Each structure stands twice: as structure tokens, then as C-alpha cells.
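Please look over the sequence and the model first, and then read the notes below.

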Amino acid sequence: MDRHLFPTRSLRGSLRVPGDKSVTHRGLMLGALAQGESWLYHPLKAGDTLSTAGVMRALGAEIHEEGAHFRIRGVGLALKEPGDILDCGNAGTLIRLVSGLLAGQEMFTVLTGDASLRRRPMGRVTAPLRQMGARIDGRDGGRLAPLAIRGGGLKGIRYELPVASAQVKSAVLLAGLFAEGETEVTEPAPTRDHTERIFRHYGLPIEVQGNRIRTHRAQPFAARDLTVPGDFSSAAFFLVAALITPDSEVTLEGVGLNPTRTGLLTVLKEMGADLSWEVTEGQDGEPVGWIRARSSQLKGVAVDPSLIPLMVDEIPILSAAAAWAEGETFIPGLEELRVKESDRLEAIAKNLNNLGVKTEVGPDWIRIFGGSVQQGRVEPFHDHRIAMAFAVCGLQTGVTVHDAEWASISFPSFWEDLDRLRGKD
Ligand SMILES: O=C(O)C1=C[C@@H](OP(=O)(O)O)[C@@H](O)[C@H](O)C1
Ligand SMILES: C=C(OP(=O)(O)O)C(=O)O
């Protein structure tokens, strides 16, 4: 479905963004593994996380939608063998994390997903899980889904992550809960630490020492309620929208401000953004607070590559900010963007060019020449973040977004929330 956005003059108001996608995936999985009943409050109910609810139900958990929340009855560590294949839809986090869980279970499962997911690299999880003892097959020798997993009999390993990936780290740690001995993961750079935090919330074994994270076999653990913070990655679209639109001020409330997620704030500040934020509470192990953004004249910057893992999903919206900045922005360290829901580096360059913005692209970097956005058309390439980021980029000039429904993978109320801030109810 095409969505036409007329030129926006100002964005004003405050908003509570939907629940964090990463925390919701993990909350559903661990709630499903716990013993007894618990509530997952304010989860994200969107394409990706509804896929996780479906998969965990097929594995024996009871998951009920109760208003805005989920009520979960867990299985107490022993999942049930499903009678059919498990469909992970568009969700990379789901297929990779659940592979770790299934590697630990004495049963046979097959995981698949949509066309995008079946193109994404799975060798990064199947390699360590095989080292732990799981038998896994798949297309291209287990590098691509569908993946067939026969789990059980795992032994702990010491594993150095070849890429800075929270999904791979989490898959190995989840498998470690079912493995004999200790499992240790070393990260090349810090990545989002929601798995470590949620393990602590449930009293599961977890020890973090610098870039080394250890776990070991878990005993059945009791169900416990969990409140999901607002998703910083969803908030990011409205922050940048307010910065680049004149006469704007937007406040986002109840947002997760975990420092392993907020690299974008550092970069936008360096670009001259009028941004303020405050952590107001610790909610079930995650820092939560508010962020305020006001119209700002941004300037181009060279981004420090060590910040990329702390803002890996925000590169599309950072590119939109760069398009409105004065001068050049250089973003290095982007090799992982090539293997997300789309080739995001390519998708960013194509959409910027559609909107009149010049770019140069290398194998893992992009240079954006800001200051010349024109009216145009956004092509999401079946990727939710691309749809939302470039809708924001074209807000002032007016823009047509093709296949706008892709936003519902992570942010079903995006278009209505945007209209509310634009004063168009
Ligand atoms: O662990 C997670 O919840 C996620 C980790 C990141 O992926 P990688 O681990 O592939 O970097 C991120 O892009 C994804 O949206 C969610
Ligand atoms: C990369 C993303 O998600 P996933 O890897 O879970 O598909 C994302 O939400 O931007």
C-alpha cells in the first residue's frame, strides 16, 4: 500500500513508543521456559514478536493476549516437540535465539521464515551450536534457513564471536543453559546486553567480566513478571523527525535507555542536536526514562566506528538526519548492514538518491552529502526500518512511501503516531 505524506511544517507533543522488540522476544522465550505463570507487561505486539509468540506456543507454552499484555504459562525448561515446522517470519532475532534454545532440547525441529530471513546468514549461530554438540542441517551446509535441529547432549564451549552480534551471543548463552559445564562467550565489542540483564532478572546463571560472559546449566526457574521498556529504536524515528523539522519539539516517555542501545544519542549530539534525556527508573533491570528533541541545524560528522554496534538498527534514521545536515557525514563499520532484513547500505543509498541526496558507498561505509532533500518516493525493499527512516527523511518535502505496511514488523502504530505529532488526527 502506498502512503502519501504531505509536507510537514512542525511536529509537537509527547508520545510513549511501543515496547522494545529485543526485550519482548527474550521475555516471551524466558517466560515460556520458566515454571508457572507470569505477565509480560507492555510487550511489543508487532509482526516479529507475534512470530515469537507463535513459535513458543508451538513449543508448548501457553501465551494469552490480555489487553496490552501477555500472560504466559511456561513449561519449566522442557519444551515440547512441535508437530510441524516453526515459522519465524521476518525475525532474525527469533530464528537465531530460538536455535540456541532448540539446540538444548532432545527433539527435532525445523525453523524457517520469509524470503528475507531465508537469505540471512545462519552459519554464525549453527557453527557454535554444532561445536556444543547440536546436530544441525540446513541449506548451504547449515548457513541458510530452513534449519533442521536435533538438539540435546550439549557441552559448554569457550567461544570468541567472529562478529559483534547480540543475536549470536544470546544464542550461545541460551544453549549454555542446557549444556554440561561452563559456556563462555567473548565479544569483539560491546553489543546490546538484554540477554545478560534478563538472565539476572530470572536468577539464571550469568557472570560478566569485561568482554567475557559466562553461564552454565540452569535448574528449573520460577516464572516472574517483566515490564518491557519502550523501544529506543522506535523512538529514534521521532527524535530525528523533530530535529530536522522546523518549529518542533517532541518528548518520548518510558523509553529504554540501556547504554548498549543509545549510540545514536552520542552521534546526534556531536552533529549539534538539541537533545536532552534522563534515566528516571530501573525497570526489571533495564534503565528507562524520557528523551526530548527540538528543531536543530545539524552538521555532518565522521562517525566513530566503535559506536556502530551500539546503534546498529539506527543507521537508516541516522542517514536521514545526515541528509538534512550541513556538509558531509561519513559512516564506517557497516558490514553488518548488508545482512539485515534488506541490504541496508544499498537501500539507504537508493532512497537517499530518490530524495535528491548524493551519496558514495563502499563495501562497509557510506558518505552522505547533506542539504539537498527533494520530494520523492521511498522504496522500503521489504524492510521496516527503511520504510520509516525515509518517510521521516521526506517529511518536510512530502513523500510517497511504497509498501508502507512494512512498518508493522516493529512499529504497527508508526503512521498514526506520526500523524498525531504532525497535528493531523
Ligand atoms: O539481539 C537482538 O535483539 C538484536 C541484535 C541486533 O542484531 P545482530 O546481533 O545481528 O547485530 C539487531 O540488529 C537486531 O535488531 C536485534
Ligand atoms: C535487524 C533487525 O531485526 P532482526 O535481526 O531481528 O530481524 C531490526 O529490527 O532492525
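Which residue does the UniProt annotation "active site" cover? According to the unreviewed entry, that annotation covers Asp313; UniProt positions follow the numbering used here, feature names are shortened, and annotations may be inferred rather than shown by experiment. This is a predicted model, in which local features need pLDDT of at least 70 and side-chain atom pairs count only at pLDDT 80 or more, while totals for chains, interfaces and linings use all residues. Residues are numbered from 1 along each chain as its sequence is written, and chains are lettered from A and ligands numbered from 1 in the order in which they are written.

**The annotated domain**
- The unreviewed UniProt entry places the feature "domain: Enolpyruvate transferase" at residues 9–418.
- Over residues 9–418 the chain is 31% helix and 26% strand, with the end C-alpha atoms 13 Å apart; helices (H or I, at least four residues) and strands (E, at least two) are DSSP runs, numbered from the N terminus.

- Asp313 belongs to the loop that lies between strand E17 (286–294) and helix H10 (315–324).
- Asp313 is buried because 24 other C-beta atoms lie within 10 Å (20 or more count as buried, 12 or fewer as exposed, and in between as partly exposed, with C-beta atoms placed from the backbone).
- Leaving aside neighbours within four places in sequence, Asp313 is in contact with Ser233 and Arg385, where contact is defined as C-beta atoms, placed from the backbone, within 7 Å.

**Helices H8 and H12**
- The axes of H8 (residues 232–244) and H12 (residues 384–393) come within 9 Å and cross at roughly 10°; axes are lines fitted to C-alpha atoms, for helices over the stretch in contact, and angles run from 0 to 180 degrees between N-to-C directions.
- H8 and H12 are therefore roughly parallel to each other (angles under 35 degrees count as roughly parallel, over 145 as roughly antiparallel, 65 to 115 as roughly perpendicular and the rest as oblique).
- Phe237, Val240 and Ala241 of H8 make the contact with Met388, Ala389 and Val392 of H12.

**Helices H1 and H3**
- H1 (residues 21–33) packs with H3 (residues 92–103) at an angle of about 30°, and their axes are 11 Å apart.
- That angle makes H1 roughly parallel to H3.
- The contact is made by Ser22, His25 and Met29 of H1 together with Thr93, Leu94, Leu97, Val98 and Leu101 of H3.

Definitions and conventions: Contact = placed C-beta atoms within 7 Å.
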